[in-house]
Amino acid sequence: MALTSHPLLSALRRNPTGAVLIALQIGITLAILVNAAAIVTHALQKMDRPTGLDTRDTFAMEVADLSRQFNVYSASSADLAYLRHLPGVAAASVIVGIPLTDDGGTTTVGRLPESQGPTITSAYLPVDQQGLRTLDVPLVAGRDFRASEIRVPTVAHPDPRIGIVIVTQALANALFAHRSALGQSIYLGGRTPSTIIGITRNFMGPQLGGGEHAYDTVLVPEIVTQYAAYDLLVRTQPGKRAVVLREAKRHIDAADQNAVVGYTWTLSHAKYRMYSGLRNLAVFLSFLTLVMLVLCCLGIFGLGTFNVVTRTRQIGIRRALGARRRDIVTLFLAENAITVSAGAIFGCFLALGIGQWLTTHDGLARLDPWYLLVGVAVLALTSQLAVWQPARRAARIPPAVATRTI
Amino acid sequence: MLEMHNISKIYRTDLIETHALREFSLQVAAGEFIAVSGPSGSGKTTFLNVAGLLETFDSGTYKLDGQDIRGLSDNARSRIRNEKIGFVFQSFNLIPDLDIFDNVDVPLRYRGMKAAERTARIANSLELVGLSSRMRHLPAQLSGGQQQRAAIARAIAGDPALILADEPTGNLDSLMARQIMDLLEKINSMGTTVVLVTHDPELARRAERNIHIIDGLVADTVPASGARRRERQGPAHAESATD
Ligand SMILES: Nc1ncnc2c1ncn2[C@@H]1O[C@H](COP(=O)(O)OP(=O)(O)O)[C@@H](O)[C@H]1O
Ligand SMILES: [Mg+2]
């Protein structure tokens, strides 16, 4: 018999309101479920990328001076001399900009001067000769800065030439594709060209907020003295971070009357903060989806219960006519399956529509059809579970209802 | 066809026990047409429910078509209801969402019959009750008499050995009631055993045998009226005479 004349469908056609509403709800839930799952998965993948840093044992502290005659160079040198001899410290360096935070600078980088060719916006990280060691980032090619190469420009003697730089592998690839970047000249901002002397394994620098270009960083050999503040980056031996941080803060605060330790960051906290937006989005979307799913189940459960109550007599009649208990359960599951299928078809179109909109407006990747498949499976399963209890209840209606109720 | 010995059925609620059937014994031969009457609350419906395997009983023995009913599983009871018994109820009990065709189809589907056979059987039984032209009507679009005929078509479509009818004319005027009675007689004449519960003495008189139930007991059995017996034909005739 053709499906169009199946008694299940004719019965549904005669009382469509509840089923149509539930189908709409299922469709909307599916669309949200699928897109939320895609966004959350994407966010999780993003948060799961390696930072390339020893986040557990590294911290940074900002030291600022309140007096006019503050000499960043001598103050930071004194701090470093102290830190490098402090038990538990593996390496320490003076930098400007803290990895994994939005505290720091950026620069444009190009193979040609700024006005003559394409540029990449990259994190700009001034370090001294111990910078890489402190970051615990190995070189994959070339060499590190030497102590003699660290420039100390001052307000009185500015020095826009940089000369030599180290770049991350990601930035090197972005600039030179598969050709070797080592020894090549690049232009930072509007300055004279600099030569790449080293390429490091990828790590996340400051300012890029864990975005798509988080690994693009250029390191320059410089101690920045024109601000009345500097950042100390300290990596400790495993597990010593808390002790060292407390001790260092106490010492530096006490050593110089004018120096105050501003904020301190552990890199693990910085990483946590960096992804707070993504994490909140993921939590919110998961929660929203869960609520929608629960509401969907409640709707299905409600409609099922309504059907049991309003069809008690009909079910008794069916039992009298020879339906087994499991036939009654099947009746409810089949009817629910029809509703869910209709909702799922609607939901697939809606999901693809929302996905398309997100792609054009938010630049998200196209919705992978796998999400739809899994989403439909999840909804099919949960909706059948939701109607299970009413179906069991219906199956318990005794056949004598057919003769006992008028 | 139907043998009940000392059946008792007790309804228990928190406060009271109702002995709806007590030491109830009755034999109905295959092909017989019996009418059951009795005052309201005497246990007629209870008897029909027990006979039709809609309810269980507390003690006694019941054999239907030679098969002992006691202790059968719910599934087995469903199967017997489906294959051997046709029900006709006072309030017709058609499923309101389904048209007449689909209503008659319900027990056939539960039997797992092929579509072609179901269609043929539905057509036959609707023709027998004179509703061939109404098969795509909903129950609500039919008169009471037509609805009861549709219910009879549903009861006989599966070719049951036993028809149980609980006051099938109770909601109908006398003309329609007689039509229903004619139909039940016609079905009986084709060999199906019919047990009819009725208040109406005139209708009861048309049965071969009248059973009177009072207070859950068979009070007396009135022998068959001669007219009905002479009309009877078919293989069941000889057996029914034994009672
Ligand atoms: N489900 C039930 N629970 C309790 N008592 C019942 C139930 N069904 C019937 N009874 C009682 O059993 C007795 C017989 O009822 P019934 O067989 O319906 O009588 P009749 O059909 O002859 O009017 C009545 O006293 C009735 O109140
Ligand atoms: Mg009754």
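A residue counts as exposed here when its relative accessible area is over 50%, so B:Arg12, at 53% relative accessibility, belongs in that class. Keep that cut-off in mind as you look through the close-ups of this predicted model.

**View 1. B:Arg12 pairs with B:Glu17 in a salt bridge.** The closest N and O atoms of the two residues are 3.1 Å apart. B:Arg12 is exposed, whereas B:Glu17 counts as partly exposed at 47% relative accessibility.

**View 2. B:Arg206 forms salt bridges with B:Asp182 and with B:Glu185.** Side chains of opposite charge can pair when their charged atoms come close. Between B:Arg206 and B:Asp182, the closest N and O atoms are 2.5 Å apart. B:Arg206 sits in the loop between helix H7 (201-205) and strand S9 (209-214) of chain B, while B:Asp182 belongs to helix H6 (residues 174-189), so this pair ties together parts that are 24 residues apart in sequence. For B:Glu185 and B:Arg206, the closest N and O atoms are 3.1 Å apart. B:Glu185 also lies in helix H6 of chain B, so its pairing with the loop residue B:Arg206 links parts that are 21 residues apart in sequence.

**View 3. Chain A meets chain B.** The contact involves 27 residues from chain A and 31 residues from chain B. About 2,700 Å² is buried between the two chains, with carbon and sulfur atoms giving 53% of that area. Across this interface there are 14 residue pairs in polar contact and 3 salt bridges. One salt bridge joins A:Arg319 to B:Asp74, with the closest N and O atoms 2.8 Å apart. On the side of chain A that touches chain B, H1, helix H9 (312-320), H10 and helix H12 (401-404) each supply at least two residues. The largest share of that side, 6 residues, comes from H9(A).

**View 4. Helix H1 (residues 7-14) of chain A has buried residues.** These are A:Pro7, A:Leu8, A:Ser10, A:Ala11 and A:Leu12. What covers them? The cover includes helix H2 (16-48) and helix H10 (325-362) of chain A, together with helix H3 (100-110) of chain B.

**View 5. A nonpolar patch lies on the surface of chain A.** A:Phe287, A:Leu290, A:Val291, A:Val294, A:Leu295 and A:Leu298 make up the patch, with about 560 Å² of accessible area together. A:Val291 is in helix H8 (residues 276-310) and is partly exposed, with a relative accessible area of 35%.

Note on methods
Residues are numbered from 1 along each chain as its sequence is written. Chains are lettered from A and ligands numbered from 1 in the order in which they are written. This is a predicted model: local features need pLDDT of at least 70, side-chain atom pairs count only at pLDDT 80 or more; totals for chains, interfaces and linings use all residues. Side-chain values use heavy atoms; hydrogens and water are left out. Patches are made of residues with over 30% relative accessible area and no salt bridge: like charges are joined within 9 Å, nonpolar side chains (Val, Leu, Ile, Met, Phe, Trp, Tyr) within 5 Å. Accessible areas come from the Shrake-Rupley method with a 1.4 Å probe; for residues, only the protein chains shown count as cover. A salt bridge is a side-chain nitrogen of Lys or Arg within 4 Å of a carboxyl oxygen of Asp or Glu. Helices (H or I, at least four residues) and strands (E, at least two) are DSSP runs, numbered from the N terminus. Buried means under 20% relative accessible area, exposed over 50%, partly exposed in between (1.4 Å probe, protein chains only). Contact means heavy atoms within 4.5 Å. Buried area is the accessible area (1.4 Å probe) that two parts lose on being put together, summed over both. A polar contact is a pair of N or O atoms within 3.5 Å; within protein, one must be able to donate a hydrogen and the other to accept it, and residues adjacent in sequence count only if both atoms are side-chain atoms.
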